[in-house]
Amino acid sequence: MRRLLASSIAASVGVACATALALPPAPPAAAATARPAASRDGSGPAAVRHDPPGSTRSLPLHPLGPGARDRAVGSPAAGELGLTRRDVRHFSMVGVVWDDPGTELHGRVQVRTRAAGSGVWSGWRNLETHNDDAADPGTPERGSGRVHGATAPLWVGDSDGVEVRIRAEAAPRTAPRTATPAPGTRAAPPASALPSGLRLELVDPGGKAEGEGGAQAAPYAAPAGVPRPGALGAGAAEERAASAANAGLAPLGATEIPALSRTATERELQTLGGGEPAAGQRAKPYIGPRPRIITRHGWGANERLREKGFVYTRKVKVAFVHHTSSGNGYRCSQAASVIRGIYRYHVTSMGWRDLGYNFLVDKCGNIYEGRAGGVAKAVLGAHTLGFNTDSMGVAVIGSFGSHRPPAAALRAVSRLTAWKLGLYGANPRGRTYLKSGGGNLYRKGKKVRLHVISGHRDGYATACPGTQLYRRLGTARTTAARYQGR
């Protein structure tokens, strides 16, 4: 069954997939456009990149405090950078990026924002500086020349004012690297220096930021001028391609892929895999019932942002569980906006070809399609540096270092992995081997034995998916296996 499914997928991508793997991907229209100089207050037209719906503003950071004008950004003396309090156009997500993805940011990054409408300023909030999701070394996505170092993005809600400060700190002796430097990249600066090119990214996800669905997430409410769900325009080639990648699961333009019963899922598996089980596999396969999945069209992805085409790996042997580190201060009705913000941050700010995760799960247990290419296919993501091949990334929206993940979210992870891993014959309670592409835990080429459902930290030295979520992965494995009928 697995071989037949893989053959079916390979036939569907054909030459386009091979071309995407062999050649450096062409930049999307937004990335190919020269970045305009930002106005000093962040409110002028020069500070805005227009990619409707939504926008991203990039504001350079400057030395703060006495003698700031005499300190160079990136020097050991520039111990504190930032922006003083200022008015800006509306945004809902914030992050900090810098030039070299191979350079670590050793320090504390804090922001505070002003809520639009009320004028109330928040307290100082920390950004996670070790944003360890990334494409593998040596891949076209990693070597495109457009990738930047970055903090994790933080969801702050509708805001129109911002202040930021970054304080350098000495690097700990065992600090995890956020990326593996590509050959020819600059040497890291001294431990007390901050990376060069630091800038604040203010992300407006576009569309409807309030009241977007509820506990049972509703389809995306498109802004004026954007095709409504189920009404793809004749010229929306990228949107049609992303929707068509789910052919056989849902009609073109569908906002969601509906849940199926266990029996219906088993019948669908035979259709996807060519109708006959692989040698040695049970006639009645181990697979969980297909869960409801909100499509990219359903959460309002602007398909013009990402690069064209899709890149696939051979199969899915491991599911890596992540948290987004974007905070827990969102409502489930805002989850689609949060995802649009992360998508824009990954592509426009960090320079990736698409959203890094294959799937996302919100606190109410709604499941969302992530990187484009088809939810049933082995789409190559950018989620676990060194282990993106033959795996998938599932990100629970939120931060779970000290906060327990909601039961609904954990149950959704189990349902999703029971179905997706079942398509490829994987046992959620089992272990398997992946070959490392290079990282800070395992050298390139090393075969590593991993749980079929692993945490991000199992393949990379990172705090992700947060201590509280990581502790519950054993429950997720057991539940997913039960959904598969094991």
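User: Which residue in β15 is the bridge partner of V361?
Analyst: V396 is the bridge partner of V361 in β15. This is a predicted model, where local features need pLDDT of at least 70, side-chain atom pairs count only at pLDDT 80 or more, and totals for chains, interfaces and linings use all residues. Residues are numbered from 1 along each chain as its sequence is written, and side-chain values use heavy atoms, with hydrogens and water left out.

User: In what sense do β13 and β15 pair, and over how many bridges?
Analyst: Strand β13 (residues 359-361) pairs with β15 in the parallel sense over 3 bridges. Strands here are DSSP E runs of at least two residues, helices are H or I runs of at least four, and both are numbered from the N terminus. Two strands pair if DSSP finds at least two bridges between them.

User: And β12 with β15?
Analyst: β12 (residues 318-323) and β15 are parallel as well, over 6 bridges. V318 has S391 as its bridge partner, and A319 stands opposite M392.

User: What is the strand order of the open sheet?
Analyst: The order of its 7 strands is β10-β11-β14-β13-β15-β12-β18, with mixed pairing. β10 (256-257) and β18 (453-455) each have a single partner strand, so one side of each lacks a neighbour in the sheet.

User: Which helix packs on that sheet?
Analyst: Helix α7 (residues 407-423) does, and its direction makes about 165 degrees with that of β15. Axes are lines fitted to C-alpha atoms, for helices over the stretch in contact, and angles run from 0 to 180 degrees between N-to-C directions.

User: Is β15 buried or exposed?
Analyst: 6 of the 6 residues of β15 (residues 391-396) are buried, so the strand is largely enclosed by the rest of the structure. Buried means under 20% relative accessible area, exposed over 50%, partly exposed in between (1.4 Å probe, protein chains only). S391, G393 and A395 cover one side, and M392, V394 and V396 the other.

User: Switching to T113. Where is T113 placed?
Analyst: T113 is in strand β5 (residues 107-115), and T113 is buried at 3% relative accessible area.

User: What does the T113 side chain have a polar contact with?
Analyst: The side chain of R125, at 2.9 Å. A polar contact is a pair of N or O atoms within 3.5 Å; within protein, one must be able to donate a hydrogen and the other to accept it, and residues adjacent in sequence count only if both atoms are side-chain atoms.

Terms used. Contact = heavy atoms within 4.5 Å.
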